[in-house]
Amino acid sequence: MNKVQLTPDYIFESSWEVCNKVGGIYTVLSTRAKTLQETHQDRIIFIGPDVWKEKESPYFREDQSLFAEWQREACAQGLKVRVGRWTVPGEPIAVLVDFTPYFEKKNEIYGWLWEHYQVDSLHAYGDYDEASMFSYAAGLVVESIYNSQLSALGAQPKVVYHANEWMCGLGALYINNKLPQIGTIFTTHATSIGRSIAGNQKPLYDYLFAYNGDQMAGELNMQSKHSIEKQTAHHVDCFTTVSEITAHECVELLDKPVDVVLPNGFDNSFVPKGTTFTTKRKEARKRMLQVANALLGEDLDDDTLIVSTSGRYEFRNKGIDVFVEAMNRLLRDRQLSKKVLAFIVVPGWVGEPRKDLQERMRPTPTPSQREGSQGSCEQSPLPWGGDGGGLEVPMITHWLHNMGHDNVLNMMKFYDMHNRHEDKVKVIFLPCYLDGNDGILNLTYYDVVLGNDLCIYPSYYEPWGYTPLEAVAFKVPCITTDLAGFGLWANRVFGHQGEITDGVKVIHRTDYNYSEVADIIKDTVADFSNMTKKEVDACRRNADQLSKQALWSQFIKYYYEAYDIALRKAQARMERQ
């Protein structure tokens, strides 16, 4: 007979990205919050770093009435916290903790960590100390709330603590040691050593069976991050990751199989519906074309095929290199029947919005005005001339601090991709976070996705892949690879290798077939440019349909499986005492 699944009375979850938008983990947690809030109203408590010293976080609203009694106790204990709501759908409770007071105790904390769990913090550098002190502070917050509020509830409440990424490992180990009655869960969204192997141009997949994680950590100067990640994986009650491909990585590099895979879902409640969707899509396309025309001195119309890639600026891992390669090859493709406007939406080391471009965009310039304004930016940092009346450096919207050393610009320069008037493919680099206030495009990221005809994410290293999932949720067909967890999942749903007619084209990618992948992307875009409106609409419908199978309502069951595993282990531990 099946055992009844144990469900937690309280869930604590910590991440560096709670109320702090940095990357994909923010999307995982913020979109899942609504689903958990519906079942655990105000008993799901997120803990994040209080990094907003001078200005207020745009993602957090303080509320001193929440846990008011505990807030007073925390203050007396020397814990610097702010309690409020995370301003995302569901508005769950969030506790932001100031971790800076713990830096002075750093050596003592690392000594304790070595003594109890053999975590090597000797080789720490970069963000290791900052993350560890936050993680320690998050552990103290849970300990304080538990002892102050929850332990007095009569029967011992069922509580889980969920730590995300190596950055929260220390807190999970602290709770494992100090509060054995709490079930601990650890999710690695990407192994630190796997990401590093891939990012250092080493073949990850063919040699995965031969890599020794500890040895590679030494070779790549990753000992401390790898050590906390590995020891947390081995000591928590439930170890998880986000896809089968990363689960395989965990076995090989961390010497620990995962207990359950937690695929990343999506909450589509903020995807516009009906006429609002159509209106927003039209507005986004109009704005994207307006920026492109001002930058290039062109007159691209709505028949232009708009494509893009986006994600973190991991040039090889995210396939940005192969995207540029494919666009370069597309320039000479005779099957291409439309002009293509390709955006690279990747936050770089951004300086400021281009004033010359802002000037161009103030009134919409007429063709005669365009001709007269060519000399308006003679002081631009690089002497790259564009044709067709465009601005100099006609491939970027914001100046960078490292113009001469930027991978995207250097690859385009190497291929002589200067967005000339006669080129049917124009490539524009948007190197900033799109929050709607970037000074040039002034659209949010999701508005930009909505304006695309096709999104392209040819990742080499991608544990899950939120970008393609977001694209299909906005009914935009996309191209991804089977080295992305999402691509593998899509193939499983389809029952075959995904084609663009399914809504997602899943390219087979290996350590060595970069050139073949670039050609397949080029051919897919050319084929898409020849599709009828009816065929394109069918692709969009299929994309939308697939996204509905990846909603949190479908995937949350895996989290309950993880909660059950953690609670049972905690229960057994307490019975043994």
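## Helix H8

Helix H8 covers residues 223-235, and at 1.5 Å a residue its 13 residues should span 18 Å; the end C-alpha atoms lie 18 Å apart, which agrees. The expected span is 1.5 Å times one less than the number of residues in the helix. Helices (H or I, at least four residues) and strands (E, at least two) are DSSP runs, numbered from the N terminus.

Eleven of the 13 residues of H8 are buried, and the helix is mostly covered. Buried denotes under 20% relative accessible area, exposed over 50%, and partly exposed in between (1.4 Å probe, protein chains only). The buried residues of H8 include Gln223, His226, Ile228 and Ala233.

## Basis of the model

This is a predicted model, in which local features need pLDDT of at least 70, side-chain atom pairs count only at pLDDT 80 or more, and totals for chains, interfaces and linings use all residues. Residues are numbered from 1 along each chain as its sequence is written, and side-chain values use heavy atoms, with hydrogens and water left out.

## Helix H1

The 16 residues of helix H1 (residues 24-39) should span 22 Å at 1.5 Å a residue, and the distance of 24 Å between its end C-alpha atoms agrees. A kink of about 35° is centred on Ala33; the bend at a residue is the angle between axes fitted to the seven residues ending there and the seven starting there.

Because twelve of its 16 residues are buried, H1 is largely enclosed by the rest of the structure. Among them are Tyr26, Arg32 and Ala33.

## Cys19

Cys19 lies in the loop between strand S1 (10-14) and H1, and its 0% relative accessibility means that Cys19 counts as buried. Leaving aside residues up to four places away in sequence, Cys19 touches Tyr26, Trp52, Ser57, Tyr59, Phe60, Trp86, Ala94 and Leu96, where contact means heavy atoms within 4.5 Å.
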